[in-house]
Amino acid sequence: MKALLKYEFRKTFAAKLMILGIAACAELAFLCGLYLFGKDPDNNVTVISTMILFFTAFGGVIFIGIQSVLTLHRDMNTKQGYMLYMTPRNSFQILGAKMLENGFSLLLAGAFFFLLGFLDVTLLFQRMGSISLLWDFLSDMLRSINTQITIDVHSVLALVLSMLASWMATVSTAFLADIVSAALLNGKKYNGVLSFLFFIALNVLMNWILRQFSFSGVSAVGNLYIESAVAVVYAAIMYVISALVMEKYLSV
Amino acid sequence: MLKSNQVTRRFGNFTAVDHVTMTLEPGHVYAMLGPNGSGKTTWMKMASGLMKPTEGEITFRGEVIGVNSRRHITYMSTEPFFYSWMTIRDVGKYYADFFDDFSPAVFDGLLTEMELSPEMKTRSLSSGMAAKLKIAATLARDADIYILDEPFNGIDLLARDEIRRAILRRAEPEKMLILSSHLVEEMEAVADIAIFMHKGKLIELRDLEEMRQRDGISMADRYRQIYGHVEVDAQ
Amino acid sequence: MQFDPMIPIWLQVATRIKQEIVTGTRPPGSKLPGGRDLAVAYGINPNTAARIYQELESEGVCYTQRGRGTFVTESSERIDLLRQEMARNAVRRFLGEIAPLALSREVLVEMIEKEADSLAQK
């Protein structure tokens with residue numbers, strides 16, 4: 001398992017390095033804009049670099065999220081898959097390593113960009129001379145995500161947890177759809193369309209299930225925890241089905 | 001002992017391997033022969049556990065081919081399959097990480113013998129070098145069965161001698177080697193039993209020295225007899 | 001070594017080794033390579049290599065000492081016999097080849113002597 005995890009990280013390393021590189025360049029531009037180009041934080045360099053940073057953070061986290069689906073697809077549909085499937089590791093281990101890597105990378109990337117954003121916003125407001133504005137800004141931002149949430153560590157954690165859990169559920173659904181495509185529909189007509197429809201259907205099902213577990217008598221944070229737990233269970237079921245299909249039917 | 005029992009593999013309407021039944025024993029070098037599309041690669045992939053039969057099964061020491069048999073059976077495909085970000089040294093590390101029977105010392109020895117430098121990137125290798133690297137990584141394992149698909153493909157005459165020597169050094173009495181090649185002459189002296197396949201079906205298994213002694217014909221002669229006017233694609 | 005794929009490989013390698021013994025390339029009592037080494041050196045199957053030593057041993061041309069390896073026979077009589085046998089085979093092959101030309105025995109002998117003289121002069 002350790003070896004599988006190591007190589008899942010290694011396979012996605014180049015792309016992560018690139019995202020980090022872009023973020024570093026934009027951050028450098030941001031700092032330059034903030035401290036070198038006059039007192040006015042409204043200068044073009046700061047504005048553009050802030051935008052780039054924002055899109056890198058957003059796009060980077062999304063890309064890292066779907067990257068495991070892309071590598072799984074490559075591992076099942078190209079010659080490099082021999083590398084993975086010739087090892088004495090079963091499908092549960094192979095898929096497990098992919099999901100763990102994905103969850104961990106996502107968490108790391110999320111934390112990284114969150115801290116970077118936090119740092120930059122702090123610097124920006126400090127430069128503008130009004131640090132108190134920062135907290136208003138953050139509260140506004142969180143309120144725009146969920147109106148019932150007030151800013152405290154507990155709710156932020158619950159929110160992060162639920163986002164990660166529902167992402168894992170989505171990734172495991174994508175895994176299953178891609179595995180079904182490669183293992184069962186391989187060479188068949190409309191393979192791509194069918195597996196995509198399958199993916200959509202599973203997502204609709206997942207959302208429906210999640211809705212069944214939203215209770216009016218429970219606090220917003222409580223509902224987030226329940227939702228997270230349901231998403232994790234759903235992801236686990238998808239994982240087991242995926243691994244079983246892969247073990248029994250996949251040919252590379 | 002490797003048993004193929006009524007093994008069949010279909011791709012849609014096309015039957016790549018058609019009810020192949022045979023028993024292969026350790027201590028032999030098998031030459032799997034047949035024109036392109038006769039099912040050699042598909043059978044080899046099934047024996048390595050990379051592909052699942054549509055019908056029938058292959059067993060190794062009584063156990064159906066699967067995750068566990070990958071510990072004992074090593075497969076080398078015709079095409080290069082290493083991750084493009086790897087250096088030759090990374091390939092060795094990868095094998096060492098996953099296979100208990102992999103010997104880094106044997107791997108290094110083979111690299112030296114084949115004049116491959118560990119720092120080279122796999123994606124920058126010439127086809128001949130890539131073929132040598134595949135051989136080195138595969139043969140550095142101390143496996144029970146070596147399945148090599150077209151080990152002489154795309155390799156010049158001198159390198160072929162090196163590869164033949166490396167393969168023969170692994171041909172120990174308790175090991176089994178299965179090689180496929182469209183270069184039939186290349187296999188004459190190396191193999192002792194030929195497996196002739198045609199259109200997915202097993203035609204026959206022949207002991208080559210016995211055939212030369214009794215019938216006075218070579219493996220290539222028998223190949224011509226079996227496939228006759230069948231167009232032999234030289235790739 | 002180039003093989004004729006229509007003739008058993010073991011026979012071809014065994015003949016080669018016998019030639020080397022007769023010509024002294026492999027002196028009496030010298031150690032022969034192990035079966036696996038022989039296979040690698042000649043690029044032949046190990047079972048074929050094992051067969052070669054079996055045959056050479058059964059003919060008394062070499063012998064195996066447990067744990068030490070296979071050696072060329074030390075008996076000069078056996079090597080002489082091998083020489084004669086190989087010479088006889090060569091003569092038979094030659095006669096077989098020349099037979100269709102229907103030369104008389106006298107002409108043939110004369111021809112051989114003449115060729116042998118000119119070879120000796122070189």
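In chain A, 73% of the contacts between residues at least 6 apart in sequence join residues at least 24 apart. Keep in mind as we go that this is a predicted model, with an ipTM of 0.88 and a pTM of 0.86.

What secondary structure lies behind those contacts? Chain A has nine helices and zero strands, and its pattern along the sequence reads α-α-α-α-α-α-α-α-α. Of the 252 residues in this chain, 33% are buried.

Let's follow one helix, α5 of chain A, which runs over residues 91-128. Its 38 residues reach 54 Å from the first C-alpha to the last, close to the 56 Å expected at 1.5 Å a residue. Which of its residues are buried? They include the nonpolar Ile94(A), Leu95(A), Ala97(A), Met99(A), Leu106(A) and Ala109(A), along with Lys98(A), Glu101(A), Asn102(A) and Asp120(A). In an α-helix there are 3.6 residues a turn, so residues three or four places apart point the same way.

And what do these buried residues of α5(A) pack against? Their partners in chain A are α1 (2-11), α2 (13-35), α3 (44-77), α4 (81-85), α7 (153-183) and α9 (220-249).

Now step out to the neighbouring chains. Chain B brings 19 residues into contact with 17 residues of chain A. On the chain B side, ten of the touching residues are nonpolar, four are polar and five are charged. Chain C, for its part, has a mean pLDDT of 92, and 100% of its residues reach 70 or more.

Definitions and conventions. Residues numbered from 1 in each chain as written. Chains lettered and ligands numbered in written order. Predicted model: local features only at pLDDT ≥ 70, side-chain atom pairs only at ≥ 80, totals over all residues. Contact = placed C-beta atoms within 7 Å. Helix = DSSP H or I, 4+ residues; strand = E, 2+ residues; numbered from the N terminus. Buried ≥ 20, exposed ≤ 12 C-beta atoms within 10 Å, placed from the backbone. pLDDT = per-residue confidence, 0-100. Expected span 1.5 Å × (residues − 1).
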